[in-house]
Amino acid sequence: MSKRSLSFLACLCVFSLWAQEQKNPSFEEIISLQSNSNAKISPDGKHIVFEKQSVDWVENRYDRELWISKNGGTPIQLTNNSDGSSRNAKWSTDGEWITFVSKRGEKSQIHAIRAEGGEAFQVTSTDNNISSYEWSPSGDTIAFLQSEDKSDEEEKRSEKYGGFSIEDAEYGLNQIWLADFDSGRFNQMPLPEQLNDSVFKEERKARILIDSATFSVNSFKWSPDGNKLAIEHQPDPLINTFFRADISIYDIASETSTLLVNNSSYDGLVDWSPDGKSILYGTSLNDNTSNYYKNNKLFRIDIDGSNNRQLAKDFDENPFAFKWNSNGIFAISWQKTVRRLIHIDPESGKTSILSKTPERIWNYSFSKDGKKIAYTGSNDDDLTEVYLGDFPSEKGKPVTSASKQIEDWATSNSEVISWKSKDGETIEGVLHKPQDYDSNKKYPLLVVIHGGPTGISTPSAVPSYVYPMVQWLNKGALVLQPNYRGSAGYGEKFRSLNVKNLGVGDAWDVLSGVKHLEKEGLIDGNKVGSMGWSQGGYISAFLTTNSDKFIAISVGAGISNWMTYYVNTDIHPFTRQYLKATPWSDKKMYEKTSPMTNINDAKTPTLIQHGEFDRRDPIANAYELFQGLQDVGVETKLIVYKGFGHGINKPKERLAATWHNWQWFGKYIWNEDIEVPME
């Protein structure tokens, strides 16, 4: 036997061993992956508390609990709520307590637990659910947001007139409340006679800070000295009223509020300066017609209304998650398919990109002195880990080991590619390949389109949601996730390219990506499928009626007709901004961009998936596309997920939706008759 033959056999043996070692995970295993998020560092920079998500298949829910890493050590579980999650952890000023929001009764309330461990205690006991909250700098008070209680009023009306509602006219204003935090009362339980003492109860009762009937609070922040609150507010809490959000400064001692920022469009509170003399805010200024896709502008202003000036003029993206400390202003921003920590000089307004590892930073927090940083992040081939590091050092130490969950799996081998679209625009996308990829083979292609449109797809070891991408790779296919025009991370001009061209330009980008892979000899052009959720579902629906390139398509929570969408959605301004018209002012624009316009040309078998109570992309879109495809003789199936809104956020239904896509594309790509298992 020749040396060449022996060498070939040796390589074959190595490949066989690799194939035996690498596991093709089940759908359940992908859905059950534990994940880390929301890392918060202690004031002294020694410890990190973070959220870990796991799946409870018995209760059919995703459970979030708090874990803590002390001195960079192996994390231990801190909370355990068998009936719900524990989230939004915050350290007390002295670092002795960790507060969090959890539903351990009828309503979500603030709880506290010692950083050293032990039992958690309920801090608040209010009539409604508590959303956001903030510790006062002194550490003896917690301010929180809660909607006003209208239950008595609603009950009286229901008893007399039954059930009805008035659109855009019924809501509870979000108000700021205060609760005293006396650590001593957690060390000693009340005496029996105190439990019934009205004075004792009243002293421990939360109290409203601002009893206003003229605005609803979106967010607030304590001033560094604790004497003031900066408040972002709008006339009502309705989703589309964000255009009218303004910022005021509330003085606690005098109980007076002063309007500070009131541009005619959105003004959003960001943070206080460390000296308490200025605030940072984001704004659309006077733009009410394009702020869905244009960059938000960043300003700083002194609290007396002077020295108002724009920062970060040199940065062409939308930074977010701002923090202002003695080292300057920090934020996170997409830069194409990576997500970096950036620094903004508070005086010059100049920006610089700081972080180089990991590839994508999801959240971060600083110690009180700004010398320590905790963050969550991931790279192309691992899962999100929690990191602890010194600042300004750019390399942190991981304190979690989530990626061990996939160390023996056959996962995605992903890379970023680019191509030219029909109009010459450069489009990027993520191409996922199997670990045993063979360059001499032509593969079936599954195109998975992200939502948004200002979403983004990135390289990932285990891309999923309701699409079994890892299993398709291991079955012998390629997966392409295009970052079509309008995607985040590529600047304002790129995000504006599908204005008055929704669906049309997006389809150019998807089809040109498929053509590029076909030209490169990577794929079998006769075995191509497309799918997506939300905006990705809309683009897939547009491809269903405007292209015959695909052998099968799946439309998840998509739009089929912008006219009917416009009157049913909960975000009417979205359509007006992207199409620059209403259905009654420019019917042709709505027809040009609607999948239903060319329903008679549809040929592609189409699966439709939709949540029963979806308000963002109302289910009427699903029924309209389904009926239209039936009428023209195209094979179609509509699956409605009961009780869900815009997303499928429970594991069992996510498993079902995954099986439905596996079944649909298995039939048309691989000619397989797949039954969804009942056991």
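Modeller: Helix α2 (residues 27-31) supplies 3 residues, the largest share, to the lining of the largest cavity. The model is predicted, so local features need pLDDT of at least 70 and side-chain atom pairs count only at pLDDT 80 or more, while totals for chains, interfaces and linings use all residues. Residues are numbered from 1 along each chain as its sequence is written, and side-chain values use heavy atoms, with hydrogens and water left out.

Colleague: Why is a space called a cavity rather than a pocket?

Modeller: On a 1 Å grid over the protein atoms alone, a 1.4 Å probe fits in a cavity but cannot get out, whereas a pocket is an open set with protein on both sides within 12 Å along at least five of seven lines. Lining residues have an atom within 4 Å of a point. For the largest cavity, F27, I30 and Y465 are among them.

Colleague: What is the class make-up of that lining?

Modeller: The lining of the largest cavity has 7 nonpolar, 3 polar and no charged residues. Ala, Val, Leu, Ile, Met, Phe, Trp, Tyr, Cys and Pro count as nonpolar, Asp, Glu, Lys and Arg as charged, and the others, Gly among them, as polar.

Colleague: Which residues lie nearest the centre of the largest pocket?

Modeller: E134, K221, D271, K323 and F366 do, out of 42 lining residues. This lining includes 7 charged residues.

How values were computed: Helices (H or I, at least four residues) and strands (E, at least two) are DSSP runs, numbered from the N terminus.
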